[in-house]
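New notebook page, new structure. I want to look up a few spots and jot down what I find.

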Amino acid sequence: MTSTDKTSPLELYRTMLVIRMVEERLAKSHQRGLIPGACHTYVGQEAIATGVCAHLDTEDAVFSTHRGHGHALAKGMDPGELVAELYARETGCSRGRGGSMHLFSPEIGMMGTSGIVAPCILQAAGAGYSSLVTKSRRVGVAFFGDGATNNGAFFEGLNMATIWKLPVLFVCENNQFATEVPFSTVAGNDSVAGRGAACGIRSVELDGNDVLAVEAAARQAVARARNGEGPTLLECKTYRTRPHAEGMGDFTYRTREEVEQWKTKCPLARLKHHLLTHNLASAAEISAVEEAVAAQTEAAHLFAEKSAYPAPETATLHVYSEPRPGPHREAPPSEPGTRELTFMKATWEALSEEMARDPKIFVLGEGIGERGGNFATTTGLFALHGPERVRDTPICERGFVGLAGGAAMTGTRPVVDFMFADFVLDAVGEIINQIAKMQYMSSGRIKMPVVLRGCIGIGHSAATHHSGSYYSMYAHFPGLRVVVPSTPRDAKGLLKTALTGNDPVLFLEHRELMTLKGPVPEEEYYIDFGKAAVVRAGTDVTVVALALMVQKTLQACEPLATEGISVELIDPRTVSPLDVETILQSVAKTGRLLIVDEDFAHCGVSSEIAAQLADRGFDDLDAPIRRLNGKPSPTPYSPTLEAAVVPNPESIAHAIRALCAE
Amino acid sequence: MEEGKFLSWLKNDGDFVQEGEPLFALESDKAAQEVESIDRGILRIPITTPRPGDIVKVGQVLGYLLAEGETAPATESPAPALAATPPPQKAAATSAPTPAPIALPTPAKASATEMPLRASPRARRAAAQHGIELATVPPGGSTGRIRERDVLSALPEVEPGIAKDGFTKLPVTPLRRTIAARLMHSRQTTVPVTLTTRCEADTLLGFRKQLKAEAETAHLAIVPSLNDLLVKLTAAALKSHRMLAATWSDDALLLPETTHLGIAVDTPTGLVVPVIRNADTSTLTEIALQSQKLIAAARAGQLAGSDMQGACFTLSNLGSFGIEAFTPVINPPESAILGIGTVVREAVPLEGGSFAARQRLTLSLTFDHRVNDGAAAARFLQTLTHLIEHPLLALV
Ligand SMILES: Cc1ncc(C[n+]2csc(CCOP(=O)(O)OP(=O)(O)O)c2C)c(N)n1
Ligand SMILES: [Mg+2]
């Protein structure tokens, strides 16, 4: 703890005053046009952030909302950095990449405010989970509004924190409105604490405008968390006395009288009165604090206004973490005597080797604990590493993906095992809005080593909820790595890279490849992302295929060879990053390109490859680029229908012949 | 194009014609072209077929491709010699119950003025490189688009023997072009140094003579050539001098795990280098059988691309031409090549002042100085010389 006691009444007053004065300054600046984006103020609610953060240390992790200036300042952010961020300057806490709704300062445990309502609840649970895995005393804290308590993340987050006794504080700032919508009109049970109790979490309701009450409740909740007694939900009743956001009208949904009435309950005025009446501080001491904070606020404004705007050429910096230095790593060549493993066994080896090496890796999923996973992904690992590191989850995909994100943000390495990638769709918001964007939003200061793995692909009459491909969708988003291996050897090396890198990875395993056997070298190896494999060299036509389609195309190649058609087969292995270079080189030789992809043709990876080749390899083309894709339809069940929607060796051979004849 | 001048049949009546084989020659607006058969079958040339120089129309029946046992339609008579069918895109399929009539194919550019010229980007690039007018190139694919291969086959053949500006122009064959490119690449990317040394070959030649004499009684599958013996011994020498088999890559020296050796083979069209697999672990007989097969394929122009890949070292023998020593050129990505000279009989001084006649041959080793220094290369030659002079050592 610092030399000044943050919990002393005069310090609580100072912190609230910093928040109030800085925001009043921001409101003015917004009017003057200094803030190009949104600005949601916290005026009227300062007691909550102040009372809670008074008990937090630097390493405790705070996750906040769109209304987060107060949380950042109370957690210790320098007002200059905050104001500069809102003024969109290079010196801002997020280097001008975020603005009001994306305030990051991981150095002081400010893990970010968010433009999306509710994920912070899951991320705070994730921080708590990290503490469980690393046995640290760090506490995770989520601040959120009443609006967020209607979101699934609230129930999923509270439930997970409760069942695993995570060291977390959930702080609901119930200001009674979500934008203009009164909470009472959108909540079947408008007691947030009551909802918490229903989830089995210790829940406390308190006056959020009484900083001393908040401070006392937080003291107890933080102590419980650090003692391993589990999470607490604090429902802090409060009211914001400025509009939802600066520049918005305020009296279509509430009256001036009501707002004036709440201003009389101003937490600063209340504490000041308390300080004076209980002789806790003199009038002179209080005005000294007021003068100091006013000067600090003015200095913050001047600092921000003087700061430079970020350079445009840095706009796409930090989308991914720094690439690993050194040359590309590849699997050793498999000699004739190399042992053969199934695809499943190969990825199991990768996971078990890396888990043995790095105690920060843990796995979340349904039935992956003692049972060892639907596809034997974690067989025997529960017995070796225990429930914290091999964790059976409730069926709340969105919840545990959000939790995984928060865990990664706080230094551990979650692996989320979905069984089927179809199930991940419930968590797409967490993946794309949070996990994929986090490194960028934090200007590279937070790393996101999350591995999301699951089965893809058509087969076994699995029908449409157990057969999607999805890699094209994920590859569309900057910030994600997307891996789609086609052999046991590649799968092992690529998974080991996923488990040791710093970027979030979608590791998608084709269901029909699970039992495929192939050579897997015994010695340890890694395969770096972004390098395609030339599966088969040829001269007449280039075929690019992924996952199962690599194997199907290989089957087509032999009969074609006897007809005198020599196929060069390329497996990109990773869709993001995509190795266009190797395909270009091949097409420079063959002049012909066929892309065979089980995924739909439109807006997919096959369209991307075709566009890149048309763009960069135009003069090498001796025929139009052709594609053979899965049919654009949900996957049918009946084998006759199922077979009709995916390419097979015959249709692939046919497409190759036709292209060669053009 | 609506019509053209018939030049000649390129197949005879009764010939079995494969799909894609040139069938007849035709002169269109600008150029002569060979028209390829789109079907297969037995060619039947009717008496009504046009004579060389006749103008024929698109769709006009010129002849028939028959299946086994099929006969040409009897309707044909001298009268409807120009009985044109509607212009077909292709000649009819062989499986059709009626014989497939061969007709003048409709080129994509049927009405030259309206349809834009269709050619692949690659074909356009090839046309620009060779300075050939695309409009003169007949398209050959299933879509009527001009492909690169159409441009290349439409290139005017340089007629040998025609003198021009004091030179006789000879065509550059594709193999010649490949050889030129590879040798240029070698020159530009290696630092070659050549060492030569002489070694005594009596023992080795005696050994071979013995094999030859006993071939029948010992049931040898083949008698290994001197070259096969040298392949075997070189592989043995490389075992203790792996760096001579190394490849330079920008960030590392790559040592091969296998010892596949290239052998330079002279063929009627030029030099090729097929590869003997696992020369270190193969028996002499296995090496001899491999090389026999590869050399035959090379001479027949039937080597596959894979037959010429994967070597870590090459042997080149000019001994049969009486060459004693030379400076062979490295075959990248390999970093060394051994030249083998002819066997000469020389007087060698013996102790005590007398002389004896000995058979000797010269080894010329060119190596890439980036990969090996002179001393390392010399040590390799020493080992090899010793093995040639004591070939039994390769057996142990
Ligand atoms: C998932 C999501 N839905 C909608 C919004 C738009 N939105 C921004 S703030 C807000 C109201 C949030 O209310 P509450 O959680 O009570 O927080 P408060 O603004 O009252 O502090 C809404 C709907 C959003 N940002 N995210
Ligand atoms: Mg609210």
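Is A:T149 buried or exposed? I looked it up: A:T149 is buried, because its relative accessibility is 0% (buried is under 20% relative accessible area, exposed over 50%, partly exposed in between, with a 1.4 Å probe and protein chains only).

Ground rules before I go on. This is a predicted model, where local features need pLDDT of at least 70 and side-chain atom pairs count only at pLDDT 80 or more, while totals for chains, interfaces and linings use all residues. Residues are numbered from 1 along each chain as its sequence is written, chains are lettered from A and ligands numbered from 1 in the order in which they are written, and side-chain values use heavy atoms, leaving out hydrogens and water.

Back to A:T149. I find A:T149 in the loop between strand 2 (140–145) and helix 6 (152–163) of chain A (helices are DSSP runs of H or I with at least four residues, strands are E runs of at least two, numbered from the N terminus). Leaving aside residues up to four places away in sequence, A:T149 touches A:F144, A:F154, A:F155, A:C172, A:F183, A:V192 and A:R195 (contact: heavy atoms within 4.5 Å).

Next, the metal. I see the magnesium ion (ligand 2) coordinated by A:D146 (OD), A:N175 (OD1) and A:F177 (O) at 2.0 to 2.1 Å (donors are N, O and S atoms within 2.8 Å of the metal, 3.2 Å for Na, K and Ca; water is not among the atoms, so sites may look incomplete). A:D146, in the loop between strand 2 and helix 6, and A:F177, in strand 4 (residues 177–178), are 31 residues apart. A:D146 is buried at 1% relative accessible area, and A:F177 is buried at 10%.
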